[in-house]
Amino acid sequence: MSQLKLVQHLKSSRAIQTKRIETVMTFVDRRFFLPQDSSVSVHVYEDRPLPIGLEQTISAPHMHAHTLELLQDRIKLGSKILDVGSGSGYLVSCFALLTGPTGFVVGIEKMRELAERSVQSIKRANPELALPPTQSTSPSLPGCSLEGSGLNWQVWYGNALDEEALGCFGEEFDAIHVGAAAESIPPNLCRILARGGKMVLPVGRRWDSQTLVLVEKDEKGKRHSSDLMGVIYVPLTPPEEED
Ligand code: SAH
């Protein structure tokens, strides 16, 4: 198997539907996002989640594809994207390639080791993203630390449910992806979704049936949400919970 064959499989199963997403997933090779000594690397091009250490997983490729397809009309050159629970960094790379040098992608991950490792993975997988940042200013996120950055992206260590952490952002993000399941739609994430923006997140009880939900904010700031499909994700844990 290879990344190319995996992408062909995702096309034939209709997880990938557009040329843009086919291209970006071909360019972001999943093998760079597994720990280097991983015992599961023989399965890297199979369409299933795989452990990345610290009891966390890289999502199945078809979930990466669905996410990118669902958000793709909000991911343009220059768009601003937030990836909550960025884990391996796979989607940060995809978002950064899709939004180009004028875009801005923020990943936030609550496990420092994963955040650190994802920075290296993104740079190894797509060396063009390792170029120095085009914008010199960087937000300061209370209670978080910047683990690394490149051309148009940053990965932060911090808890996205911490009210203060993302509080410095206004209605700024054209697209938000949440890679872990919340018990209900987090209000702090709704607040920072731009008007006309889209958020995709799994919602439901821990290790129970969960639903992938699409939240759209219209131009007047009103939210509409729709249930898309049943899913199983690791929990989105609040700051007060110890790891
Ligand atoms: N899309 C990622 C999914 C990683 S699994 C990938 O494919 O690699 C989900 C991640 O969410 C885990 O790494 C977990 O540590 C992180 N996470 C869970 N709750 C969080 C929170 N409140 N804030 C930030 N990250 C969180």
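Colleague: Take the second largest cavity, what classes of residue line it?

Modeller: The lining of the second largest cavity has 3 nonpolar, 2 polar and 3 charged residues, where Ala, Val, Leu, Ile, Met, Phe, Trp, Tyr, Cys and Pro count as nonpolar, Asp, Glu, Lys and Arg as charged, and the others, Gly among them, as polar. A cavity here is a set of points, on a 1 Å grid over the protein atoms alone, where a 1.4 Å probe fits but cannot get out, and lining residues have an atom within 4 Å of a point. This is a predicted model, in which local features need pLDDT of at least 70 and side-chain atom pairs count only at pLDDT 80 or more, while totals for chains, interfaces and linings use all residues. Residues are numbered from 1 along each chain as its sequence is written, and side-chain values use heavy atoms, with hydrogens and water left out.

Colleague: And which residues line it, the second largest cavity?

Modeller: They are A181, E183, G204, R205, R206, Q210, P235 and L236, around about 30 Å³ of space, a volume being the space filled by probe spheres set on the grid points, which are joined across faces, edges and corners.

Colleague: What about the largest cavity, which helix gives the most to its lining?

Modeller: Helix α5, residues 112–125, does so with 4 residues; helices are DSSP runs of H or I with at least four residues, strands are runs of E with at least two, and both are numbered from the N terminus. About 40 Å³ of space lies in that cavity, and its lining includes F33, I52 and R117.

Colleague: Switching to the ligand, where does it sit?

Modeller: The space taken by the ligand is the largest pocket; a pocket is an open set of grid points with protein on both sides within 12 Å along at least five of seven lines, and a molecule sits in one if more than half of its atoms lie within 2 Å of its grid points. That pocket holds about 770 Å³ of space and is lined by 42 residues.
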